[in-house]
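Trainee: I would like to learn how to read a structure feature by feature. Could we go through one together?

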Amino acid sequence: MVDHAARVLKELGVTEVFGVTGGSIMGFFDALALEDVEIYMFRHEQGAAHAADAYGRVKRRPGVAAATSGPGATNLVTGIANAYFDSAPMLAITGQVPTSVFGRDAFQETDIVGVTAPITKFNYQVRRPEEAGPALRTAYRLAYEGRPGPTLVDFPRDVQLQRYLCEEEEQAYLPVDFSKYRPPRPDPAAVRRAARLLAAALRPVILVGGGVYWARAWPEVLRLAELLQAPVVTTLPGKNSVPANHPLVMGPAGMHGRLEADAALANADVVLAVGTRFSDRTVGRFSPEMREKKVIHIDSDPSEVGKNVPPTVGIVADAKAALQALLRELPAVPRRDRRFLEWLLYVRRRYEEAMENWARRMRKFAPWKVLKTLREVAPPDTITVTGVGSHQMWAEQHWDVYVPGTWLTSAGLGTMGFCVPAALGAKIAARDRPVLCIDGDGSFQMTMNNLALVRDYNLPITIVIFDNRALMLVKHWQIYLYDRRIVATEYTSRPDFAKIAEAYDIEAVRPTSLDEVRKWADWSIRTQEPLVMIIDIDNEEDLVLPWVKPGDWLTEAVKPPGLEDLSLTYSPDWEPPRPMAAEASTTAGR
Amino acid sequence: MEAVEMGVEEMGNARGLYELEVEAWNGMDAVMRIVNIARRAKLRYTEMRTVFEPTGRLRLRLMGWGEGSEARWLAAKLERMPEVYRVEARLLRPDEDAFPA
């Protein structure tokens with residue numbers, strides 16, 4: 001049967017599989033090799049799953065991860081959950097013990113279908129050889145149809161080894177009604193109601209989530225923003241959906257959002273939310289403030305509309321189709337008072353000035369200055385991947401995404417260890433483009449064993465480790481919320497990351513200035529040589545601000561030093577300070 | 001029991017006893033996946049019954065106390081499952097004093 005399964009994958013266009021082999025999957029790996037599918041030998045199955053997730057996000061078709069039964073399969077679980085919470089298309093294929101010993105606690109038996117039920121869009125255990133083809137085609141298609149997500153197919157070893165010639169034409173799919181994943185056309189009445197709300201809004205704001213990327217709807221978002229003169233704010237995954245250098249894009253809002261984005265969302269009277277599930281990380285808290293706003297919620301998944309915030313108007317539709325319909329309904333909007341936008345740009349300017357001043361006082365590198373330096377060097381289409389931790393939050397605030405689809409992060413699950421394997425998966429998906437992995441020392445240590453693939457498969461990625469020797473986001477909470485009791489968040493100076501890199505035959509550097517950061521990043525990207533760059537960060541100073549405490553509202557953000565006088569609550573009576581008024585209404589990007 | 005028979009769209013957020021009927025395929029694996037989602041809804045369940053038909057289809061009936069928004073969330077989540085052909089949710093007995101899970 002495995003020969004047939006490998007052929008089906010090949011027919012589906014699968015050319016690469018990421019995984020770790022083992023007793024219950026080796027027959028399938030053998031069949032993949034016979035079909036010339038390239039197998040990338042990850043050093044841990046979690047890495048293979050993250051790579052498949054990232055590959056899927058870049059290619060916009062499922063990445064495939066394969067592992068053996070028992071620990072091989074359970075090691076995939078974190079990666080599968082990560083793909084689930086970030087709606088990324090991936091297919092996991094697991095070996096399983098023979099059906100004859102099911103439930104007998106056989107060696108390396110785990111009910112992986114049961115384990116992954118809550119974190120897969122679909123999973124299926126193949127009990128007969130003739131099910132393998134339909135199961136694979138179904139799982140592959142479901143991974144990208146409608147809202148993307150991970151799927152899993154489990155192959156018991158005895159079924160794998162049964163002879164199956166597939167002489168008759170087999171059914172293509174399992175009995176799934178795929179049509180329900182095609183979003184309905186936007187309801188014209190709902191679109192009209194939404195258009196009326198937007199036309200009458202005093203301070204409309206567009207909140208963009210990751211769904212805008214999947215719907216390729218960023219041109220419509222920007223046209224609508226320009227028509228309405230509405231600021232655009234994003235979620236963390238929504239950074240991937242709109243170019244940060246558009247003058248109306250304020251950046252990400254939320255717990256570690258940018259001040260001008262938090263201010264925009266907090267002071268909106270009408271929020272047009274597109275392709276987002278209204279995470280608590282984005283809005284701080286749902287009530288009372290969020291529920292007092294008029295919310296138009298567009299999502300292709302009907303179970304998301306009204307899940308966290310009851311919308312005034314809910315539109316279940318493809319984001320692109322819904323926005324096009326809205327644009328048709330909004331032929332002419334009276335030009336609004338630009339005061340609100342001017343105020344947001346004032347907030348931005350104060351914020352940037354405060355960060356510059358803060359950077360001058362830092363004993364070691366200011367993380368955001370490193371990011372801005374890297375951004376100057378990296379070409380616009382560089383794929384940027386992050387780990388999870390303070391470096392990720394700094395990147396959320398200060399890394400500008402110029403090309404939609406070039407920002408990969410673990411947003412929903414918040415998986416430390418995502419960066420290195422996801423960067424490898426992204427590089428496999430786009431070998432012609434630079435891939436930059438912005439990681440933290442804690443996150444890096446969770447999956448650094450996968451560095452072995454860099455030389456094994458010639459995957460020259462640029463890794464920048466923000467090395468504060470701490471689990472800094474937790475330490476941050478300990479400082480603010482636990483009376484500075486620092487428990488289990490500070491590391492020693494071991495291991496030496498330069499030696500780790502050297503062990504994998506990768507150049508490592510410890511820059512001492514931003515000029516050196518620029519020089520080495522440029523060298524790595526230009527020459528396509530892998531690099532590990534270790535950035536020394538002080539773990540007493542590395543507090544990611546602004547920060548909205550859990551349960552607080554966006555205007556209550558703890559601001560960076562020097563902004564104590566800056567209110568995030570908009571007043572219609574606000575007057576621009578004199579020097580700014582003289583510059584008219586400049587809307588230049590950051 | 002006198003059923004109100006209110007559809008999922010009309011039931012608003014009324015508190016009471018809800019019934020969900022699910023038609024699906026894939027046997028016990030589907031039941032497991034349905035239950036996995038149902039246990040995350042804030043409903044206090046009173047009954048669950050499944051009939052496996054010779055055609056390979058199954059019919060699962062769930063009853064539980066709670067708010068309309070929870071029943072609606074659960075119905076929407078179940079409807080998204082590839083194994084599920086049909087979901088019907090209805091309010092059987094409004095009861096503002098009922099408490100959810």
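Mentor: We can begin with a pair of charged side chains, A:Arg339 and A:Glu342, which meet in a salt bridge with an N to O distance of 4.0 Å. Please keep in mind throughout that this is a predicted model.

Trainee: How many residues apart are A:Arg339 and A:Glu342 in helix H15 of chain A?

Mentor: They are three residues apart in helix H15 (residues 339-361) of chain A, and are therefore separated by about one helical turn. Burial is a separate matter, and here the cut-off is needed, because buried means under 20% relative accessible area. A:Glu342, at 19% relative accessibility, counts as buried, whereas A:Arg339, at 23%, counts as partly exposed.

Trainee: Which parts of chain A does the salt bridge of A:Glu529 and A:Arg455 tie together?

Mentor: The side chains of A:Glu529 and A:Arg455 meet at 3.3 Å, N to O. A:Glu529 lies in the loop between helix H23 (514-527) and strand S18 (531-536) of chain A, while A:Arg455 belongs to helix H20 (residues 452-456) of chain A, so this pair ties together parts that are 74 residues apart in sequence. A:Glu529 is partly exposed, with a relative accessible area of 28%, and A:Arg455 is also partly exposed, with 35%.

Trainee: And how far apart in sequence are the parts that A:Asp301 and A:Arg147 tie together?

Mentor: That salt bridge has an N to O distance of 2.9 Å. A:Asp301 sits in the loop between strand S11 (294-299) and strand S12 (313-316) of chain A, and A:Arg147 in the loop between helix H6 (132-144) and strand S6 (150-156) of chain A, so the parts tied together are 154 residues apart in sequence. A:Asp301 counts as buried at 6% relative accessibility, whereas A:Arg147 counts as partly exposed at 25%.

Trainee: How many salt bridges does the structure hold over all chains, and how many are counted between chain B and chain A?

Mentor: Over all chains the structure holds 49 salt bridges, but the count between chain B and chain A is zero. The contact between the two chains has to be read from other quantities.

Trainee: Which quantities should I look at for an interface?

Mentor: The size of an interface is often given as the accessible area lost when the parts come together. In this case chain B and chain A bury about 1700 Å² between them, with 53% of it on carbon and sulfur atoms. On the side of chain B, the residues that lose the most area to chain A are B:Arg33, B:Arg80 and B:Pro82, together 38% of what that side buries. The contact takes 22 residues from chain A and 16 residues from chain B, and eleven residue pairs, both at pLDDT 80 or more, are found in polar contact across the interface.

Trainee: Which elements of chain B each supply at least two residues of the side that touches chain A?

Mentor: They are helix H1 (27-38), helix H2 (68-79) and strand S4 (84-94) of chain B. By residue class, the side of chain B that touches chain A divides into eight nonpolar, two polar and six charged residues.

Trainee: Turning to a sheet, what is the order of the six strands in the open sheet of chain A?

Mentor: The order is S14-S13-S15-S16-S18-S17 (chain A), with parallel pairing. Strand S14 (407-408) and strand S17 (507-509) of chain A stand at the edges with a single partner strand each, so one side of each is left without a neighbour in the sheet.

Trainee: Where is A:Ala217 placed, and which residues does A:Ala217 touch?

Mentor: A:Ala217 is in the loop between helix H9 (211-214) and helix H10 (218-228) of chain A, and is buried, with a relative accessible area of 0%. Not counting residues up to four places away in sequence, A:Ala217 touches A:Val212, A:Ala319, A:Lys320 and A:Leu323.

Technical notes: Residues are numbered from 1 along each chain as its sequence is written. Chains are lettered from A and ligands numbered from 1 in the order in which they are written. This is a predicted model: local features need pLDDT of at least 70, side-chain atom pairs count only at pLDDT 80 or more; totals for chains, interfaces and linings use all residues. Side-chain values use heavy atoms; hydrogens and water are left out. Two strands pair if DSSP finds at least two bridges between them. Helices (H or I, at least four residues) and strands (E, at least two) are DSSP runs, numbered from the N terminus. Contact means heavy atoms within 4.5 Å. Buried area is the accessible area (1.4 Å probe) that two parts lose on being put together, summed over both. A polar contact is a pair of N or O atoms within 3.5 Å; within protein, one must be able to donate a hydrogen and the other to accept it, and residues adjacent in sequence count only if both atoms are side-chain atoms. Ala, Val, Leu, Ile, Met, Phe, Trp, Tyr, Cys and Pro count as nonpolar, Asp, Glu, Lys and Arg as charged, and the others, Gly among them, as polar. Buried means under 20% relative accessible area, exposed over 50%, partly exposed in between (1.4 Å probe, protein chains only).
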